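Subject: Handing over a structure

Hello,

Here is the structure I promised to pass on to you. Have a look at it first, and then read on for what turned up.

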Amino acid sequence: MENKKKKAERGNPAALLPIAVFLVLFAVIGIVSGDFYSMPAIVGFVIALIVALLQNRKLNFEEKMAVFARGAGDTNVVTMILIFIFAGAFSGIVKAAGGVESTVNFGLSVLPSGLAVLGVFVIGCFISTSMGTSVGTITALTPIAVGISAKTGMPIALCVGAVVCGAMFGDNLSMISDTTIAACRTQGCEMKDKFKQNFLIVLPAAIITVVLFVLKASGGNYSVQGDLSYNFFQILPYLIVLVGALVGLNVFVVLGSGIVASAIVGILVVQKFTFLQMFKILGDGIMSMYDISIISLIVAGVVSLVKENGGIQFILNAIRSRVRTTRGAELGIAGLASLVDICTANNTIAIVIAAPIAKEIGDEYGVKNKTVASLLDIFTSVFQGIIPYGAQLLTAASLAAITPVEIIPNLYYPILMGASAIVFIIFKILPGQRKTEKIEAASEIAQQHEQK
């Protein structure tokens with residue numbers, strides 16, 4: 001009995017096989033085919049689920065399914081999926097109402113003459129924070145960046161790099177980004193709390209990026225040509241969502257308000273669609289979140305089986321053997337998030353995979369939930385913004401007719417974002433760190449006195 005207890009405390013590395021199978025399968029097929037999106041992630045996770053169900057002979061199939069269902073039906077997981085649904089509906093209807101086009105045109109209309117590249121970065125930050133999607137921002141702005149390069153003589157890779165930098169800024173901070181939703185819901189923290197801490201961490205990176213773009217591209221003189229008309233009412237739903245989220249309103253209230261505002265603008269103000277057409281638009285928006293919703297359910301269930309079989313315990317023990325402080329735990333979470341994103345090339349999926357383990361590490365070493373959420377979002381965004389086989393660089397390179405490798409030297413913001421976060425961790429700037437480590441030190445001293 002005692003041996004079984006010790007074995008359970010040690011954990012079981014074999015329980016990690018389902019996750020390893022997915023990562024290896026995803027990586028090998030991506031390398032062989034030259035396209036990391038050739039195999040749908042959902043297929044890989046279903047295979048991982050089958051592997052997990054074949055493990056642990058001590059449980060019968062019904063008991064394993066019960067473990068899977070407990071994980072998939074966790075309150076945070078279900079809430080996260082509902083938020084995905086609302087976010088998808090909002091993205092669909094605000095786009096149909098002309099919100100994306102007006103937001104882009106508004107940004108371009110205030111593009112500062114002589115600072116075109118910097119302007120593209122700043123506009124990218126605004127648009128991606130408003131829309132909550134880095135790929136959508138890159139798709140909208142890359143053709144403009146190509147035009148700026150042609151008119152000013154600035155290197156096209158520099159101009160496109162500014163677009164990607166701005167896109168990753170908003171992807172990491174936006175209240176309606178699926179990465180923010182996943183990070184906050186899996187850690188049980190409020191989005192506004194995560195935003196405030198996240199913003200504090202990435203602000204130095206953003207400021208330095210601005211300086212670098214000014215130094216690198218100052219002197220260019222270019223005015224965007226063409227129709228840049230915009231309607232403030234089409235931008236209004238984005239502002240409602242941003243302001244509502246920042247003041248701490250319930251996320252469902254915030255997104256619901258955005259949906260209603262977009263419907264009113266689309267039907268009554270600009271007359272882009274009718275009342276009956278609205279329902280199809282909402283349905284299409286919701287269906288756009290189908291993949292990530294199903295993947296989240298399956299991943300949560302697989303992780304539950306992995307935990308039941310001792311895999312999470314094994315990882316925690318491995319980290320405990322190397323970590324002694326809160327700072328070490330935060331670096332461990334950062335490394336975990338980075339590694340998973342490099343393997344999956346999808347920052348939302350990487351967060352969903354790494355989140356349960358990060359949660360356990362955070363609880364073990366007193367890392368605040370909002371800090372764990374920030375680290376997960378930041379470090380998955382760092383690598384998602386620089387890996388040449390990620391959707392962001394592949395999209396930008398395709399639209400600009402260059403290679404992803406050419407863009408990488410100009411990706412100042414993702415690299416500086418990671419560096420800034422590491423500085424915050426090492427120098428104990430993150431809120432709550434210093435207090436936690438003092439408590440740990442006091443506890444160790446008390447234990448030493450008791451032993452004496």
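**What was found**

With a relative accessibility of 62%, Q271 counts as exposed. Please keep in mind throughout that this is a predicted model. Q271 sits in the loop between α13 (251-269) and α14, and its phi is positive, near 55°, although the residue is not a glycine. As background, most residues other than glycine have a negative phi.

N56 is another residue to look at for its backbone. Its phi is near 60°, again a positive value in a residue other than glycine. N56 lies in the loop between α3 and α4 (61-72), and at 23% relative accessibility it counts as partly exposed.

Just after α15, G310 has a phi of about 100°, while α17 is followed by A345, with a positive phi near 55°.

Now to the helices themselves. Does the length of α15 agree or disagree with what its residue count predicts? Helix α15 covers residues 290-308, and its 19 residues should span 27 Å at 1.5 Å a residue; the C-alpha atoms at its ends are 27 Å apart, so the two agree. Helix α17 (residues 326-344) also has 19 residues, and it reaches 27 Å from its first C-alpha to its last, close to the 27 Å expected. For helix α19 (residues 369-384), the 16 residues reach 22 Å, close to the expected 22 Å. α19 is mostly covered, with 13 of its 16 residues buried.

The buried residues of α17 include T326, A329, E330, I333, L336, A337 and V340. A334 is found in this helix too, and it counts as buried because its relative accessibility is 4%, where buried means under 20%.

On the surface, you will find a nonpolar patch formed by F199, L203, I207, V211 and L215, with about 450 Å² of accessible area together. F199 is placed in helix α11 (residues 191-217). An α-helix has 3.6 residues a turn, so residues three or four places apart point the same way.

Where does the lining of the largest cavity come from? Its lining residues are P18, I19, F22, F45, A48, V299, V302, V303 and I353. Helices α2 (17-33), α3 (41-54) and α15 each supply at least two of the lining residues. The volume of this cavity is about 70 Å³, and the count comes to one cavity of 30 Å³ or more.

The largest pocket has a volume of about 1,200 Å³. It is lined by 44 residues, and the closest to its centre are T133, V135, D178, S288 and M289. Several helices each supply at least two residues of this lining, among them α3, α8 (134-152), α10 (178-187), α14 (275-287) and α15. The helix that gives the most is α5, with six residues.

Enjoy exploring!

Best wishes

Notes
Residues are numbered from 1 along each chain as its sequence is written. This is a predicted model: local features need pLDDT of at least 70, side-chain atom pairs count only at pLDDT 80 or more; totals for chains, interfaces and linings use all residues. Side-chain values use heavy atoms; hydrogens and water are left out. Patches are made of residues with over 30% relative accessible area and no salt bridge: like charges are joined within 9 Å, nonpolar side chains (Val, Leu, Ile, Met, Phe, Trp, Tyr) within 5 Å. Accessible areas come from the Shrake-Rupley method with a 1.4 Å probe; for residues, only the protein chains shown count as cover. A salt bridge is a side-chain nitrogen of Lys or Arg within 4 Å of a carboxyl oxygen of Asp or Glu. Helices (H or I, at least four residues) and strands (E, at least two) are DSSP runs, numbered from the N terminus. The expected span of a helix is 1.5 Å times one less than its number of residues. Buried means under 20% relative accessible area, exposed over 50%, partly exposed in between (1.4 Å probe, protein chains only). On a 1 Å grid over the protein atoms alone, a cavity is a set of points where a 1.4 Å probe fits but cannot get out, and a pocket is an open set with protein on both sides within 12 Å along at least five of seven lines; lining residues have an atom within 4 Å of a point. Grid points are joined across faces, edges and corners, and a volume is the space filled by probe spheres set on the points.
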